[in-house]
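Hello,

Here is the structure for your files. My notes on it follow below.

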Amino acid sequence: MRHGLGLLLLATGIATAAPAPQDFARYAPLQTQDAAALYRAALNADVYRHATEAGLGDMRVFNGQGEIVPHALEPMPPVTRPPSPISVPFFAEARSATTEGRVAVSVEARADGTLVSVQPGRPIPLARAQRVLVDASGVKRPLARLDLDWAEARFQGQLRLEASDDLQSWRAIAEAELLRLQQGGQRLERRSISFEPTTARYLRLQWSGAAPTLTAVRVVPQAEAALPARVWLSPQPVDDPDGYHFVLANVAPADRLRIRLPQTNTVAQVTIEARFASNGPWHPIARARLYRLQQGGAEARNGDLVVPARIYREWRVRVDGGKTLLGAGQPTLQIGWVPQQLVWLARGQPPFVLGYGQRDLPTAAGGNLSVAGAQPGNATLGPARDGTPQPEPWLAGDAMRRWVLWAVLLLAVAVLGGMAWRLARRSDGM
């Protein structure tokens, strides 16, 4: 009787035992830096390669005590690239001639908008110019900062900055006090003026009081936000009489396709299909015109195809008119996607570990974990290690668990039946 009860308890344990990092196909350390309540780390291609669930729900985050902590998946934020200062031409501006009969430097705009200086007489030096025109027409992005340099070792003055597109209508965009002071071997310096990003072809500097002798003027464009780097993988080709068939082991949400034809001077109209499971139906994804042409020593090819970001394991390219239109050889296919970032609560003590790729886990990923005022700390995904090999899909998930439970229960029933039969024989012998 005790044996049968033990087997029943074993069956229950199989169904409810909490996993450990080593139970997953792969596990990797989450390397944190500064202390924080939340952390975030970019997922790499290895996570998508070994994940078994389309939504990456087959992963868990563990703390140093082996406890599972809440996590969520979020899109990677845009990457902001700090811009570099750009040197631009500048000119002294004066509205009248001096008492000595000298004519100040004036400026005029060419047809393309650039400024050129006109010097009918000796120009007024920049050191005496209360107004300075800056030609920013060559910068095609919004401006966000102006950097100045001057010859004087000591200077302090108030600057008013204006912007214009036609040299006629001016609008004020910023005011600031700029200075360079030295005392006792120490230097205090402010040579930049920042403002709300604005699009302008020309800037005008107006000094209140003394003006410095400018030696350099630089504008700094607004920082550009770009998507994180896209990851590319190549599915494996397989035989298919109906088209060019490719199978991918990953569960990546591809949003770009890169198809290269095998021979030059080829043009083909194709239909691109995809499906998640090998026994599932094909879904039309896109129609495209592929080409590879040799012209004048250069080769022209079709660009990357933009497709809806969905997860498929199999892709097929069907050529209008049949595969023979592409000639000999096999076209290549690459899929590209922007990885997600993992966000988790730093509950418990580090080190934190990410386990991924376990077929018999229910889908689990928290919702939005962001809290007002809580800035996630940065973390990185360390080198991955092999864990427990996973069963084939036909044994995976709830089906495998049910078969194991039924087997254990039937074994327990058999043991209990054997015990009852032996007891009955003893009773008959008595």
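Y39, W344 and F352 make up one aromatic cluster. Rings of Phe, Tyr and Trp (its six-membered ring) pair if their centres lie within 6.5 Å; planes under 30 degrees apart are stacked, over 60 edge-to-face, the rest tilted. The whole structure holds 8 aromatic pairs. One of them is W150 with F155: the centres are 5.4 Å apart and the planes at 65°, so the pair is edge-to-face. W150 is buried at 3% relative accessible area. F155 is buried too, at 7%. (Buried is under 20% relative accessible area, exposed over 50%, partly exposed in between; 1.4 Å probe, protein chains only.)

This is a predicted model: local features need pLDDT of at least 70, side-chain atom pairs pLDDT 80 or more, while totals for chains, interfaces and linings use all residues. Residues are numbered from 1 along each chain as its sequence is written, and side-chain values use heavy atoms, without hydrogens and water.

Two charges sit over rings. The charged end of R258 lies over the ring of W232, 3.8 Å from its centre. That of K323 lies over the ring of Y244, 4.9 Å from its centre. (The criterion: NZ of Lys or CZ of Arg within 6 Å of the ring centre and within 35 degrees of the ring normal.)

Last, H245. Its relative accessibility is 7%, so H245 is buried. Beyond its neighbours within four places in sequence, H245 has contacts (heavy atoms within 4.5 Å) that include R275, W282 and W315.

Best wishes
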